[in-house]
Amino acid sequence: MIILEPSQGVNTDTEINFDLVSNLLTTLLEYKHKRKINIRVKVHKSRHKGISYCSHTKGNEYLINLDMSNKKRKYVFGTILHEIRHCIQNELFRFWPVKVMRTWKDYWYSPEEVDARKFEALTTHFIKSYDAFITLHTIFDKKKLNKIEKNK
């Protein structure tokens with residue numbers, strides 16, 4: 001299971017249901033990779049304007065520092081997907097870059113960044129799935145499907 005733990009500031013600023021994002025990511029990635037994925041990812045605001053990054057803290061725990069200078073929904077979701085992919089690169093493929101990139105070109109064309117941008121390309125479809133589930137939850141609650149009401 002992929003567990004996303006947003007800080008209070010990220011929760012407030014994004015208004016994203018991170019439990020739902022966790023469930024959608026877990027379902028997609030475990031199905032496509034045909035194996036269980038167990039990672040815990042804390043999501044905090046980045047202190048560096050315009051820069052989001054992911055770091056491996058220990059074991060199966062990671063920290064995403066999310067750039068909140070652009071609060072557009074597509075940007076935030078895309079950034080989360082991009083950074084989660086770096087966690088998956090390490091967890092499934094044991095690929096974590098240790099070297100510092102000398103130039104922007106080295107960074108841009110590095111295998112891990114190319115791969116993360118490919119995953120980020122799923123953003124629009126991921127948002128559609130997320131919104132569909134939010135709507136489904138709303139209808140479920142509206143129809144009171146949590147229990148069966150007895151006739152009076």
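## A first salt bridge

The side chains of K36 and E30 come together in a salt bridge, with N and O 3.7 Å apart. The term stands for a side-chain nitrogen of Lys or Arg within 4 Å of a carboxyl oxygen of Asp or Glu. With a relative accessible area of 65%, K36 is exposed, whereas E30 is buried at 16%. Here buried means under 20% relative accessible area, exposed means over 50%, and partly exposed lies in between (1.4 Å probe, protein chains only).

A word on what you are looking at: this is a predicted model, in which local features need pLDDT of at least 70 and side-chain atom pairs count only at pLDDT 80 or more, while totals for chains, interfaces and linings use all residues. Residues are numbered from 1 along each chain as its sequence is written, and side-chain values use heavy atoms, leaving out hydrogens and water.

How many salt bridges does the structure hold? There are 6. Side chains of opposite charge can pair when their charged atoms come close.

One of these pairs is E5 with R40, whose side chains meet at 2.4 Å, N to O. Helices (H or I, at least four residues) and strands (E, at least two) are DSSP runs, numbered from the N terminus. Both partners count as partly exposed: E5 has 25% relative accessibility, and R40 has a relative accessible area of 33%.

K71 and D13 form another salt bridge, their closest N and O atoms being 3.8 Å apart. This pair links distant parts of the chain, 58 residues apart: K71 is in the loop between β4 (61-66) and α3 (73-93), and D13 is in helix α1 (residues 8-14). K71 is exposed, with a relative accessible area of 52%, while D13 is partly exposed at 27%. The two also belong to a network of salt bridges that links D13, K45 and K71.

## Helix α2 and its cover

Now let's follow helix α2, which covers residues 18-33. The expected span is 1.5 Å times one less than the number of residues. At the start of α2, a side-chain oxygen of N17 reaches to within 3.1 Å of the backbone nitrogen of D19. After the helix comes K34, with a positive phi near 55 degrees.

Which residues of α2 are buried? They are F18, L20, V21, S22, L24, L25, T26, L29 and E30. Their cover includes β1, α1, α3, α5 (111-120) and α6 (123-142).

Is E112 buried or exposed? E112 is buried, with a relative accessible area of 5%. Leaving aside neighbours within four places in sequence, E112 is in contact (heavy atoms within 4.5 Å) with H86, Q89, F95, P97 and M101.

## A nonpolar patch outside

On the surface, W104, Y107, W108 and Y109 form a nonpolar patch, with about 500 Å² of accessible area together. Of these residues, W108 lies in helix α4 (residues 104-108) and counts as partly exposed, at 32% relative accessibility.

Conventions. Patch = residues over 30% accessible without salt bridge, like charges linked within 9 Å, V, L, I, M, F, W, Y side chains within 5 Å. Areas by Shrake-Rupley, 256 points an atom, 1.4 Å probe, with all protein chains shown as cover. Polar contact = N/O pair within 3.5 Å; in protein donor to acceptor, adjacent residues only side chain to side chain.
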